[in-house]
Amino acid sequence: MAAKSLRTGLFNETQLKNCGSFSNCYPKRRASTADFSLRAFRASQEPLDDSKNKFYKELGMFSLRKRIEDSILRAEMLAPTALELEETKHFIQEEIIRHYDLWDDLGKSNDIHIKLAESAKVVDTLRDLKYKAEEAKLITDLAELDSINYALFKQAYSASLDVNKFLDKYEMSKLLKEPYDVEGACIIIESRHGHVSSERWAGQLVQMYMKWAERQGHARRIVERRPSGNGGLKSVTIELEFKFAYGYLSGESGVHSMIRSSENTSEASSASVDVIPLFIESSPDLSIDDEDILISHPSYHEADDSRRNSSTVHIRHLPTGLEVQSTGERSRFANKFKALNRLKAKLLVVMRDQGVCSVKSIESGVRLDRWSREAREYVFGPAKMVHDLKSGVQLPDVNGVLNGNLDPFIAAHINSRQTSSFII
């Protein structure tokens, strides 16, 4: 069924619930086998004693072999169909350029060239996946001939990781079809007022998102930063200027809580995360009446921001109660322009969620307490765990998540909001 669905490029609702994403549409091991393989893989990385740990070495080989075989199977199922469709798309774009007068509309011609270049990059990568899968398969065969050569298996496993990494990104990008998913992202992190531990926790969340962007190979920058007097942070704004950043991270909005528990005490620290679209190539197309906004210029006293305090702009949208501010630019005019764009982005998201086409049509009572929307809990004791309250995903590796491993949560969020969609 999965193969037929991939050929047609369309998943119905029942199939989507069963599959969720490409990675769920190829044969999988039972949970018990997966657990067995994970333990075997860990065992394979421990120091080996030829007389005592031969059994664990064989388990490690089994684990690596199964992971490589799964990656090769996934590439063989998905890559040819995806390549055929992307090549067709690329051919159509080339035909448009041949029959289009590029001098007639320079803006449109530039957009066509950008899309053509992006399409060519995807086609080249999909072609390269075929060779990477064949390489992994060949190395695995050589390892078998060499009486299970662990070094060769590691080399094949590395090649299979490259295959999976691209296919993960490719399938996720095809699921991101909602308005503004293609835009960049502006992440605003605020600690709970007056809580020293929350201010320090906000700093850890900032590093988590910065490391996630670094792992993805994308640029990231902190454009605004309000430190507290105890080494923590009151608020931070991060801008990610790459395509699909908002689509990937929109599910991160809400309260992120760090919980430390022991026999005698329990400590909780919270910070709110707000993610809004960052329009990279254009400004948000939305009109706001001047009488509907209240502009103020608050001042702060932190030494690090002393140069920018006088130019801070805070805007409140009176009908909805939505608030934004900008402090990162050198002039009030520039901060006002950026704050207005952030307000428009927030209003556009609300309009999308409510299914209305104008600001005046937004339902009254849209005012949302950002501290009432729980997103994720990071539990540090007694048992370590990260629990995503939106998707239900739980991971035991708290440090790994804080080091930028957000992909399981991102994938779960993207899949959960799909009911019926074109996968390719």
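1. Buried means under 20% relative accessible area, exposed means over 50%, and partly exposed is in between (1.4 Å probe, protein chains only). By that scale Phe-244 is partly exposed, with a relative accessible area of 22%. Phe-244 has a positive phi of about 75° although it is not a glycine. Its place is the loop between β3 (233-240) and α8 (245-249). The helices (H or I, at least four residues) and strands (E, at least two) named here are DSSP runs, numbered from the N terminus.

2. A word on the source. This is a predicted model, in which local features need pLDDT of at least 70 and side-chain atom pairs count only at pLDDT 80 or more, while totals for chains, interfaces and linings use all residues. Residues are numbered from 1 along each chain as its sequence is written, and side-chain values use heavy atoms, with hydrogens and water left out.

3. How many of the 13 residues of strand β5 are buried? The count is 10, so β5 (residues 266-278) is largely enclosed by the rest of the structure. Two strands pair if DSSP finds at least two bridges between them. Strand β1 (residues 184-191) pairs with β5 in the antiparallel sense, over eight bridges. Within this pairing, Gly-184 stands opposite Leu-278 of β5.

4. Strand β4 (residues 254-261) also runs antiparallel to β5, and eight bridges join them. Gly-254 has Val-273 in β5 as its bridge partner. β4 and β5 form a hairpin, with four residues between them.

5. Tyr-180 sits in the loop between α6 (150-175) and β1. At 22% relative accessibility, Tyr-180 counts as partly exposed.

6. Next, the aromatic rings. Rings of Phe, Tyr and Trp (its six-membered ring) pair if their centres lie within 6.5 Å; planes under 30 degrees apart count as stacked, over 60 as edge-to-face and the rest as tilted. A search of the whole structure finds four aromatic pairs. In one of them, the rings of Tyr-180 and Phe-279 have their centres 5.9 Å apart and their planes at 70°, so this pair is edge-to-face. Tyr-180 lies in the loop between α6 and β1, and Phe-279 in the loop between β5 and β6 (293-296), so the pair ties together parts that are 99 residues apart in sequence. Phe-279 counts as buried, at 18% relative accessibility.

7. Trp-201 and Tyr-378 have ring centres 5.0 Å apart and planes at 70°, so they too make an edge-to-face pair. Trp-201 belongs to helix α7 (residues 196-216) and Tyr-378 to strand β9 (residues 374-379), so the pair ties together parts that are 177 residues apart in sequence. Both Trp-201 and Tyr-378 are buried. Elsewhere, ring pairs link Trp-212, Phe-242 and Tyr-248 into a cluster.

8. A charge sits over a ring if NZ of Lys or CZ of Arg is within 6 Å of the ring centre and within 35 degrees of the ring normal. Arg-192 lies over the face of Trp-371, at 4.3 Å from the ring centre. Arg-376 lies over the face of Phe-409, at 4.3 Å from the ring centre.

9. A salt bridge is a side-chain nitrogen of Lys or Arg within 4 Å of a carboxyl oxygen of Asp or Glu. The whole structure has 16 of these salt bridges. One joins Glu-214 to Arg-220, with the closest N and O atoms 3.8 Å apart. Glu-214 is partly exposed, at 49% relative accessibility, and Arg-220 is partly exposed, at 33%.

10. Glu-239 and Arg-221 meet in a salt bridge through their side chains (3.0 Å, N to O). Glu-239 lies in strand β3 and Arg-221 in strand β2 (residues 221-227), so the pair ties together parts that are 18 residues apart in sequence. Is each end buried or partly exposed? Glu-239 counts as buried, at 3% relative accessibility, whereas Arg-221 counts as partly exposed, at 41%.

11. The side chains of Arg-342 and Glu-224 form a salt bridge as well (2.7 Å, N to O). This pair links distant parts of the chain: Arg-342 is in helix α9 (residues 332-354) and Glu-224 in strand β2, 118 residues apart. Both Arg-342 and Glu-224 are buried. Salt bridges that share partners join Arg-221, Glu-224, Glu-239, Glu-241, Glu-329, Lys-338 and Arg-342 into one network.
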